[in-house]
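The sequence and model are shown first, and the description follows.

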Amino acid sequence: MFFHLIVTDDCNLCCSYCRAKMFEEEDPAGRTPGTIDETIAETIAYPLEELYRFLAKDPDCVLTFIGGEPLLRADLVMEIMDHAPVRRFMLQTNGTRLCSLPAAYVNRFETILISIDGCRELTDGHRGDGIYDMVLNTAALIRGRGYSGELIARMTVAEDTDIYAAVLHLAEHFTSIHWQMDADFTGDYSHRRFAEWKESYNDGVRRLAAEWVSRIEATGVVPKWYPFLSTTEDLLTGTPSRLRCGSGYSNYSIMTNGWIAPCPIMVGMADYYAGHIRDADPLHLPEIPIGEPCPSCEMYGFCGGRCLYSNIVRPWREHYTLVCDTVRVLHDALAAELPRLKRMMAEGRLAQTAFLHTRYNGCEIIP
């Protein structure tokens with residue numbers, strides 16, 4: 001199992017698509033999130049021994065530290081890494097505190113997802129002045145101190161993003177890239193111009209898919225651009241997928257009060273809890289399935305439902321179908337490139353194993 005451990009809800013940034021939205025008036029959601037748990041704490045508020053006993057029941061679990069910004073409580077992160085019966089650790093961070101974590105801990109992370117949105121202007125415009133340079137400097141510094149794990153540039157994509165230019169820019173600095181659209185997560189549709197922007201986004205995805213395959217042809221190496229990676233691997237083998245982030249069946253989130261949610265976005269949605277760490281079995285947690293209309297959609301085997309939270313709450317109401325359009329374009333763009341990939345495989349220039357990667361590592365896959 002993969003577990004996201006929410007270390008703290010506190011953060012030292014106020015990004016435009018995250019905490020800044022707390023100051024905006026929201027449109028009414030399409031559905032209710034259900035019963036809200038009022039006992040959520042700002043930081044871990046349960047005995048760590050409960051966490052260790054829970055994790056010990058899964059001999060091969062993966063623990064990912066998230067927040068907020070988890071390294072605001074680097075003391076807790078280090079304490080848990082010192083004592084938890086876990087061999088595989090991951091981290092999602094905004095990068096502002098990573099350099100202060102001793103290399104002995106940084107170098108133990110199998111994967112680090114670090115937030116950066118593209119070029120300096122784009123990143124700083126959403127995350128704050130100087131963040132772009134800080135993230136790139138941090139990435140270079142931890143590599144220089146011996147970090148050899150996977151470092152993923154984790155983008156948030158908004159209406160001022162030229163997805164083609166932003167991904168190619170980050171590809172000059174990172175070998176692994178993931179992007180997630182800021183879409184249908186909060187009730188902000190009336191404030192947005194998503195319907196207009198998605199056409200340029202879709203065109204950029206088509207161009208990126210062609211560029212991705214061209215790079216594979218030129219080098220024989222598959223760049224880890226995550227929205228393309230596992231999706232193409234499954235298209236090549238004809239394998240359908242469930243919800244690609246794994247939420248609710250392989251990937252769960254441990255909240256600051258010890259309750260287990262199917263997804264880190266679903267903090268406090270008590271009706272969807274899968275148990276509490278004090279008495280739950282990590283290998284036998286109840287599954288929280290994606291609901292209609294996703295399972296009846298022709299894209300379901302490719303998409304898996306995109307987002308459990310959005311599926312339940314429907315922040316954009318009927319406008320969620322605009323996001324579905326981008327999923328269809330992603331599918332069609334990759335499907336159009338399959339003949340080139342299959343030709344390389346038939347010629348012995350590309351192996352199926354070139355697409356291997358760790359799934360459920362914090363990349364939602366479907367943007």
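R349 is partly exposed, with a relative accessible area of 42%; here buried means under 20% relative accessible area, exposed over 50%, and partly exposed in between, with a 1.4 Å probe and protein chains only. The model is predicted, so local features need pLDDT of at least 70 and side-chain atom pairs count only at pLDDT 80 or more, while totals for chains, interfaces and linings use all residues. Residues are numbered from 1 along each chain as its sequence is written, and side-chain values use heavy atoms, with hydrogens and water left out.

**Salt bridges**

The side chain of R349 forms a salt bridge with that of E347, a residue that is partly exposed at 48% relative accessibility. A salt bridge is a side-chain nitrogen of Lys or Arg within 4 Å of a carboxyl oxygen of Asp or Glu. The structure holds 25 of these. Salt bridges with shared partners also join K21, E159, D182, D188 and R192 into one network.

| Pair | N to O distance |
|---|---|
| R88 and E110 | 2.8 Å |
| R244 and D234 | 2.9 Å |
| R349 and E347 | 2.8 Å |

The pair R88 and E110 links distant parts of the chain, 22 residues apart: R88 belongs to strand β3 (residues 88–93) and E110 to strand β4 (residues 109–115). Helices (H or I, at least four residues) and strands (E, at least two) are DSSP runs, numbered from the N terminus. R88 counts as partly exposed at 22% relative accessibility, and E110 is partly exposed at 26%.

R244 is buried, with a relative accessible area of 6%, and D234 is buried, with 7%.

**Nonpolar cores and helix packing**

A nonpolar core is a set of buried Ala, Val, Leu, Ile, Met, Phe, Trp, Tyr and Cys residues joined through side-chain atoms within 4.5 Å. The largest contains 100 residues, of which F65 and F174 touch the most other members. Apart from this core lies another, of 15 residues, among them C245, I288, I290 and V313. Leaving aside residues up to four places away in sequence, the contacts of F65 (heavy atoms within 4.5 Å) include L5, V7, P70, I80, F89 and F109.

F194 is found in helix α7 (residues 194–219) and counts as buried at 1% relative accessibility. Beyond residues up to four places away in sequence, F194 touches E159, M181, A183, W316, L322, V323 and T326.

In helix α4 (residues 120–127), the buried residues are L122, T123, D124, H126 and R127. These residues pack against β4, α5 (131–144), β5 (150–157) and α6 (163–171). G128 follows α4 and has a positive phi, near 125°.

**Pocket and cavities**

On a 1 Å grid over the protein atoms alone, a cavity is a set of points where a 1.4 Å probe fits but cannot get out, and a pocket is an open set with protein on both sides within 12 Å along at least five of seven lines; lining residues have an atom within 4 Å of a point. Grid points are joined across faces, edges and corners, and a volume is the space filled by probe spheres set on the points.

The second largest pocket has a volume of about 290 Å³. Its lining comprises 19 residues, with C294, C303, G305, Y320 and C324 closest to the centre. The largest share of this lining, six residues, comes from α11.

Two cavities of 30 Å³ or more are found in the whole structure. The largest holds about 40 Å³ of space and is lined by M181, Y201, R306, V323, T326, V327, L330, I366 and P367. Helix α11 gives the most to this lining, with four residues. The second largest cavity has a volume of about 30 Å³, and its lining consists of D58, P59, D60, C61, P85, V86, R87 and R88.
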